[in-house]
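Me: I would like to go through this model by asking what stands behind each label. Could you set the values against the definitions for me?

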Amino acid sequence: MSEFYNANSFLISLVGINAIMALSIYITLSCAMLSLSNAASMAIGAYTAALLTQQLAWALWPAVVAGALMSGLVALVLGLPIMRLSGVFLAIATLGFGEVIRIAIVNIDALGGSEGFRLNSGDRTIEASGWEVYGVLLLIAYFFSRLKGSRMSLALQAIREDENAARTMGINVTFYKVAAYVTGAIVAGIAGALYAHLRSFISPGDFGFQRAVDVLVFAVVGGTLAWRGAIMGAVLMTLLPEAIRVVPIVGGFNIKDQPEIFSGVILLAVILFLPNGLLTVALSLNRIRRPARKVIGHKEASP
Amino acid sequence: MILKRVRSQSVALSLLLTGAVIATACGGEAATATPQSQIAPTTGTGATMVATIGVETPMTAATMGTTASTGPDKGVTPGTAGATPLKVGFAFITSGDNAVYGNSQKAAVQMAVEEINGMSSGPKLEAVYEDTAAKPDQAITVFQKFINNDNVQVIMGPTLSNEAKSSDPVAQKAGVPVLGVSNTAGGITDIGDYIYRDSLAEFQVIPETIKQAKDKLKLTKVDLLYAKDDAFSKSGADVFRTELQKNGIQIINEQTFATADTDYKTQITAIKADNPDAIVVSALAKPAQTILQQARRDVGIDPKVAIIGGNGFNSPAVVKAAGDTAEGLIVGAAWNPNANDELSKTFIQKYTAKNGKGPDQFAAQAYAGTYILYDAAKRANLSGKSPAEARTAIRDALKDTKNLPTVLGSFSFTDKRDANHPPVVQVVKDGKFDILK
Amino acid sequence: MNLAQLPQQLLNGIFSGSIYALFALGYTLIFGVLDILNLAHAAIFMLGATVSWWLVSAQGWSLLLAFPVAVAIAGLLGIVLDRVAFLRLRQRGAPQLSALISSIAVSLIFVGLSRLLFKDDRKQFPDGTFPQVYFDIGSIRVRLLDVVILVVSLALMLGLTWLVQRTSLGRAIRAVAESPKAAALLGVNIERVIMQTFFIASALGGAAGILYGMSLNSIEPGMGSQVELKGLSIIILGGMGSIPGAMLAGFLIGMIEVLSVVFGGSQLKDAFVFVALFLVLLVRPQGIFGLKQGRAG
């Protein structure tokens with residue numbers, strides 16, 4: 001087993017990182033906000049933590065916390081003005097935010113610019129491994145499980161169903177939306193901080209629009225009505241490129257070299273036929289009548 | 001109720017995870033290419049050696065300069081020295097945006113492996129190929145698989161410097177030697193003493209390019225154009241800037257573009273207004289092709305204003321696509337695709353016959369790299385060594401590579417494990433790379 | 001900063017702006033009618049260019065024939081896109097964001113298929129596909145092709161305006177955009193109008209792709225991604241759903257780009273575009289030229 005872990009330790013840890021990222025976008029999706037800045041939040045966490053462990057010799061955990069806080073802080077400063085927006089306007093604004101962060105990193109020489117930032121090049125090695133990643137994933141999952149049924153969770157649900165109605169009912173919509181956005185950024189920041197210490201090198205290209213889309217795909221494929229769906233989507237979609245290696249070459253077309261076709265087809269199938277994600281299938285397989293009914297009979301989650 | 005649901009969910013998740021990773025391991029196995037002449041199982045057991053000796057014609061390998069003397073020292077007969085195969089993991093980009101580089105490398109490696117395994121003596125190469133897809137994450141995964149699953153003794157690749165910066169530390173930590181054959185950025189071999197490369201770095205090629213261009217073109221002032229958000233282009237531009245300053249050439253202005261850009265007309269128009277003696281460009285192959293066309297045709301940069309390109313321009317494909325707009329382009333390189341030494345001539349002829357197009361520098365460096373590994377394996381004498389010992393032995397043998405005849409010329413490594421051979425400065429003439437005279 | 005380049009740069013801005021505007025029209029038309037942000041539009045832009053290149057270089061067609069055929073194919077792909085990605089969601093009354101994600105999925109598939117079928121390299125039209133004619137007027141160089149591209153895109157824009165303002169189809173499109181329910185009550189066949197809208201929008205996107213590919217003489221699977229971000233900025237600046245807004249904003253973005261290179265340096269080119277995007281979103285979310293906010297949210 002340890003041999004198996006050694007041969008795949010990075011991939012296994014990456015699954016965990018992606019699961020944390022999927023949770024970070026899940027929280028905003030759960031109140032019908034589409035945020036495309038999670039990759040940028042991940043970058044802020046990654047670069048902050050990396051600078052602290054490498055240049056100020058901090059230990060891993062304080063650096064992870066600092067990375068998460070920094071990411072949350074940036075999201076708060078930015079979140080306040082853009083939370084007035086909704087729907088596609090919000091999505092486009094967060095997309096712009098993500099690009100601006102990436103362009104900023106490219107232009108900051110202290111962060112290595114486009115050439116990237118190297119970790120652990122000297123004698124000191126501060127690294128993360130699967131243990132840390134899955135420990136944190138469990139903690140965050142526990143947080144989300146406790147959140148269910150809480151005041152915040154109910155408020156977010158109400159906002160998702162109908163923002164105006166929620167406002168009429170006296171829910172402070174802006175407060176909860178900012179709270180969800182900042183929580184998502186903090187979670188993404190944690191993922192970024194750990195990710196940087198799993199690798200010995202990070203660069204702005206690791207946190208581009210492509211990653212934002214990947215993370216969205218994780219959450220949507222798994223299902224956005226429950227946090228477990230996000231984790232499930234991340235696991236499946238991260239391992240997808242590995243699984244499709246067995247697809248043969250047909251008629252000279254090496255389709256396995258184009259994994260995005262598979263992700264696209266899966267994403268499309270899910271959004272068309274399983275609006276609440278693969279989790280719906282898992283739940284019905286488990287024959288748990290009550291929640292499954294509730295999920296399916298529910299107004300469709302957005303998205 | 002809720003608790004129970006969570007548990008069943010996580011059981012399902014872990015099962016899924018395990019299943020998928022096992023599938024991965026099997027998928028990888030299928031990609032393993034065992035050379036046809038390989039007779040016995042892969043591990044270097046005594047039985048393997050005996051079996052292999054049986055079919056070997058003894059020691060015609062003098063041509064290859066086998067260091068037979070190491071054999072007796074280890075108490076092994078010379079004939080067995082070449083019997084233990086070298087297992088090599090090749091990590092190249094064969095899918096996605098940059099597959100053009102990796103496919104060229106893979107074609108050259110396959111040719112070299114076939115040649116080596118067709119020899120009557122010397123160690124065979126057992127090749128495992130994996131695609132890194134130009135993604136650093138995937139490069140790390142591939143390295144881990146090579147090291148722990150395939151138990152390779154040495155890794156060649158990965159294609160891009162950005163991938164190498166992510167994946168090479170994995171090999172360094174595990175004590176597995178890596179030979180980069182296309183990484184040109186600074187800092188790659190600083191990762192550790194297991195990291196080698198046979199590709200000349202930018203800091204080795206660009207100084208010569210600028211020096212010769214200055215001498216021949218009497219440059220006094222230039223403009224610099226590069227992709228700021230691309231590591232390859234940016235680090236090339238940094239070296240260009242330093243060398244231009246060293247040579248007392250004024251940089252009037254710097255213009256940048258983004259990797260995703262496809263239109264450079266605005267920047268080139270601004271450059272034209274500066275009226276420079278030359279335009280120095282650091283860009284990947286795709287922008288390079290468009291920049292040449294837009295500069296010469298659409299913006300109308302005078303042919304007397306030279307364009308000096310970084311390594312991205314160093315590709316017959318770019319020159320072919322750019323057509324007459326590439327005339328006069330000056331590029332420094334590690335290898336000239338029209339080189340006329342014997343080894344290169346044979347290589348070009350064979351490669352062209354096989355692939356329907358001539359080799360580029362990527363192919364030449366990968367081809368030479370395979371022979372460098374072969375040479376190291378011969379001298380390392382792998383027989384009877386544990387995997388860890390074999391890896392260290394290969395690293396030490398790589399270090400001692402001395403004046404090995406390759407298509408890149410007589411090859412040695414520097415003390416810092418970089419390639420040690422002079423660059424060539426080329427100019428495009430009638431659609432072909434010529435030596436700048 | 002060297003102001004001698006200014007006239008040439010302004011001209012560059014107009015030429016590239018005309019293609020941006022044409023591209024953004026398709027975005028804005030679909031958003032105006034269906035409230036869908038169709039991120040697959042960039043993939044159709046790319047496919048239009050790729051198909052025209054394939055017809056010319058592999059089939060030996062003349063560009064004059066390949067252009068309309070490729071535009072029509074792009075339009076048909078738009079209908080396919082609607083049937084596959086949006087129809088079911090529409091029938092179900094799914095949220096706006098579901099359609100956005102669905103369009104991302106189709107975009108992944110289209111780009112992947114293009115890589116699979118046409119390889120990933122940067123393609124060029126064969127020499128002589130269009131004449132290389134240049135006019136040098138003083139320090140300014142004008143390319144005949146750019147003039148043709150400008151004329152074609154202006155003609156398509158005027159054509160679209162005429163179609164929307166003056167024809168019965170245009171009236172139906174405007175009615176559906178205003179209120180699908182009311183339009184249905186008035187006897188408009190909504191599904192038919194949506195199909196026609198997708199055809200027109202995607203044909204314009206395909207045409208923009210072909211003109212873009214001709215202008216740069218380079219066509220590749222990833223060519224949509226950069227234009228996509230510009231297109232988003234344009235429809236925000238111009239006001240979501242506003243046709244004249246998208247045209248003006250297209251030229252405006254072209255100008256912002258060249259002027260940021262002239263005055264600020266090319267390092268800041270993309271940053272300028274995003275800052276403009278942010279400011280507009282925060283200060284005037286209905287866009288500079290828009291009168292009302294879309295039905296978003």
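**Strands and sheet in chain B**

Me: What makes strand S9 (residues 278-282) and strand S10 (residues 306-309) of chain B a pair?

Reply: S9 and S10 of chain B are joined by four bridges, in the parallel sense. Two strands pair if DSSP finds at least two bridges between them, so with four bridges S9(B) and S10(B) qualify. The strands themselves are DSSP runs (E, at least two residues), as helices are (H or I, at least four residues), and both are numbered from the N terminus. Please keep in mind that this is a predicted model, where local features need pLDDT of at least 70, side-chain atom pairs count only at pLDDT 80 or more, and totals for chains, interfaces and linings use all residues. Residues are numbered from 1 along each chain as its sequence is written, and chains are lettered from A and ligands numbered from 1 in the order in which they are written.

Me: Which way do the residues of S10(B) point, and are they buried or exposed?

Reply: Ala306(B) and Ile308(B) point one way, Ile307(B) and Gly309(B) the other, and all are buried. A residue is buried if 20 or more other C-beta atoms, placed from the backbone, lie within 10 Å of its own, exposed if 12 or fewer, and partly exposed in between. In a regular strand the side chains alternate between the two faces of the sheet.

Me: Which strands of chain B are called edge strands, and why?

Reply: The sheet is open and has seven strands in the order S8-S7-S9-S10-S11-S14-S15 (chain B), with mixed pairing. Strand S8 (250-257) and strand S15 (432-435) of chain B are the edges, as each pairs on one side only. Neighbouring strands are turned by 30 degrees against each other on average, direction ignored. Across S7 (221-227), S8 and S9 of chain B lies helix H9 (residues 231-246) of chain B, at about 165 degrees to S7(B).

Me: How do you know whether Ala174(B) is buried, exposed or partly exposed?

Reply: Ala174(B) has 17 C-beta neighbours inside 10 Å, so the residue counts as partly exposed. Ala174(B) sits in helix H7 (residues 161-174) of chain B.

**Chains A and C**

Me: How do you describe the packing of H4(A) and H11(C)?

Reply: Two packed helices are described by the angle between their axes and the distance between the axes. For helix H4 (residues 87-107) of chain A and helix H11 (residues 269-283) of chain C, these are about 145 degrees and 10 Å. Axes are lines fitted to C-alpha atoms, for helices over the stretch in contact, and angles run from 0 to 180 degrees between N-to-C directions.

Me: Which handedness does the crossing of H4(A) and H11(C) have?

Reply: The crossing is left-handed: that word is used if the near helix is turned anticlockwise from the far one by less than a right angle, and right-handed if clockwise.

Me: Which residues of H4(A) and H11(C) meet?

Reply: Among them are Phe89(A), Ala93(A) and Val100(A) on H4(A), and Phe274(C), Leu277(C) and Phe278(C) on H11(C). The contact residues of the two helices comprise nine nonpolar, one polar and two charged. Here Ala, Val, Leu, Ile, Met, Phe, Trp, Tyr, Cys and Pro count as nonpolar, Asp, Glu, Lys and Arg as charged, and the others, Gly among them, as polar.

Me: How many residues does the contact take from chain A and from chain C?

Reply: Chain A gives 36 residues and chain C gives 34, where two residues are in contact if their C-beta atoms, placed from the backbone, lie within 7 Å. On the side of chain A, H4, helix H9 (209-222) and helix H11 (259-273) each give two or more residues. H4(A) has the largest share, 11 residues. By class, that side of chain A has 24 nonpolar, eight polar and four charged residues.

Me: Why does the radius of gyration of chain A agree with a compact globule?

Reply: The radius is taken over C-alpha atoms, and the globule rule is 2.2 Å times the number of residues to the power 0.38. For 303 residues that is near 19 Å, and chain A has 19 Å, so the value agrees. Buried residues make up 61% of chain A, which has 13 helices and two strands. For chain C, with 297 residues, the rule again gives near 19 Å and the chain has 19 Å, which agrees. Chain C has 11 helices and two strands, and 57% of its residues are buried.
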